[in-house]
Amino acid sequence: MRTTAVKPANGPTVMLPFKMSLLVAGTLIVFGLVVGTFGIDHFSSVLRAEAIRHGKAVASTLASSLIEIIATQQDAAVSAAIRSAKRMAGLAYVEVVHADGTLMAHTYEGNPPQRKSEVRQETMQIQDDTVADHGVIDIPAEVITGAVIHVGLDRSAIEAKVNKARLVVIGLTVVEVMLAILALFWAVRPFVRHLSDTNRELATNVRKLQETQEQLRMARDASDEANRAKSLFLANMSHELRTPLNAIIGYSEMLIEDAEDQEQQETVLDLKKIHLAGKHLLDLINDILDLSKIEAGKMDIHPEIFAISDLLDEVTSTVQPIVAKNSNNLKVTITDDIGMMHSDLTKIRQSLLNLLSNAGKFTERGTIWLQAEREMVDSRDWLTFRIRDTGIGMAPAHMEKLFKEFVQADTSTTRKYGGTGLGLAITRRFCRMLGGDVVVESTLGQGSTFTLRLPREASLAANNLSGVQGRDRCCIERQLA
Ligand SMILES: Nc1ncnc2c1ncn2[C@@H]1O[C@H](COP(=O)(O)OP(=O)(O)O)[C@@H](O)[C@H]1O
Ligand SMILES: [Mg+2]
């Protein structure tokens, strides 16, 4: 399968220019806007100052050249001079004003317009004013003879220039911002391409995942179906097998008795073999049926209250022949406080028998210990059953898969000891159903210890037993105490 994961190396190489360009473009845009705004203000004040400077120069030149003519009161000459000055310097008007505010000469066509007398009497201050509805800047220049020359600048002319400058500045700012945005897009391109590639890869991965999920779901459905079919088949088959097997076992028992009565020792031995083989086959079928019931979720728990010492008595007497067969010694240790238990007796009995018969099977001329004790863990009452033997033991590699179905330590075990590898699998499933577990410790050639730990009260631990409440609960607790 092709790996489509995003290479982490792409991250920094793409992100760095992206961040840089974002920074540069951002700076350029801010810079452009600031320069644009302040540039317009600056331009208009520079243009106004320049116009005023020009007006002042004209006014003072005019004043110095008119001193003599005004002193000698040659009005016609004054009028001619100021007219030509107005024309040459492009002024709005020129007025010659006496100290009392009366007009001595002016450049207006016809009557002079009304103006505030403060403006005309002003000898120093440059002021904005309105003359015949036109905005003007009035620049005074004092003549020594007591007259003042006022030179008027046309404000609209200055504003027209300012507007032109404003247009240029705005245009430049817009171009600069556009260029910055273009540069940004250009720089961001690989990043966007990378993102869309990643997106496409992600979409492909998601699609593949969905396909795999769908396949898995189908496989699970098929396996569930097969499992159901298997369970049904096994249930039917075990019934079909058990009926003739029980007949074989029953008839062989009858025939053994007959042969013993007739003292036909050889026949007895052969019949016993048939009987043993039949029983072995029946055990096997029962194990398979148990496992298929567990797998199909049809194995129920039937809790009951029982004395642990009774259980151990029963188990040891059942297992005694198997233990004795290999000349083994069975030692049982029970603590005094062992008491009662509320759990599934049949399942615990079967688990203990599985472990004890294994110990008997895999130990020769040795000792087998069965110990039972009570333990408090996390303020909960537990029972620990320990089955220890001095038998063949196991290698660590074998111990890992021991509790899986149909697994035996190695193939030589099957050849030598027989068996199917189902006992431990069933034991573990039973223990977990009852809220506990079983674990193993073993040393090859020295022996094994299987420890089975179960809650004294299965209903407190097993999920499927949560229904025991109220009066029943009190009753159980009283009996266990
Ligand atoms: N007490 C033991 N000592 C050594 N090996 C053991 C012991 N108990 C179990 N085993 C190993 O675990 C395997 C699985 O045991 P089990 O599930 O009971 O199947 P079976 O007894 O049918 O072989 C056995 O075949 C054996 O290899
Ligand atoms: Mg076994």
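This is a predicted model: local features need pLDDT of at least 70, side-chain atom pairs count only at pLDDT 80 or more; totals for chains, interfaces and linings use all residues.
For background, most residues other than glycine have a negative phi. As for surroundings, E263 has 8 C-beta neighbours inside 10 Å, so it counts as exposed.

There's another one of these. A132 also isn't a glycine, and its phi is positive, near 50 degrees. You'll find A132 in the loop joining strand 3 (127–131) to strand 4 (134–142). It has 12 other C-beta atoms within 10 Å, and exposed means 12 or fewer, so A132 is exposed too.

Now back up to helix 4 itself. We're talking 107 residues here, reaching 147 Å from the first C-alpha to the last. At 1.5 Å a residue you'd expect 159 Å, and the model comes close to that. There is a bend, though: about 40 degrees, at V188, with a proline, P190, following within four residues.

How many residues of helix 4 are buried? Four out of 107, so the helix lies largely in the open. If you want to click on them, they're T173, A180, S238 and S252.

Okay, zooming out to the chain. It has 481 residues, and 23% of them count as buried. On the secondary structure side, we've got twelve helices and twelve strands. And if you take contacts between residues at least 6 apart in sequence, 67% of those join residues at least 24 apart.

So where's the nonpolar packing? The largest nonpolar core has 34 residues, and the ones touching the most other members are L355, L356, I387 and L452. Several elements give two or more residues to this core, including helix 7 (345–361), strand 10 (380–389) and strand 12 (447–455). The largest share is six residues, from helix 10.

Leaving out residues up to four places away in sequence, L356 touches V315, V319, L370 and I387. There's also a second, separate core, with 25 residues, and among them are A92, Y93, V97 and L153. As a general remark, nonpolar side chains tend to be buried together in soluble globular proteins.

Methods: Residues are numbered from 1 along each chain as its sequence is written. Chains are lettered from A and ligands numbered from 1 in the order in which they are written. A residue is buried if 20 or more other C-beta atoms lie within 10 Å of its own, exposed if 12 or fewer, and partly exposed in between; C-beta atoms are placed from the backbone. Two residues are in contact if their C-beta atoms, placed from the backbone, lie within 7 Å. A nonpolar core is a set of buried Ala, Val, Leu, Ile, Met, Phe, Trp, Tyr and Cys residues joined through C-beta atoms within 7 Å. The expected span of a helix is 1.5 Å times one less than its number of residues. The bend at a residue is the angle between axes fitted to the seven residues ending there and the seven starting there.
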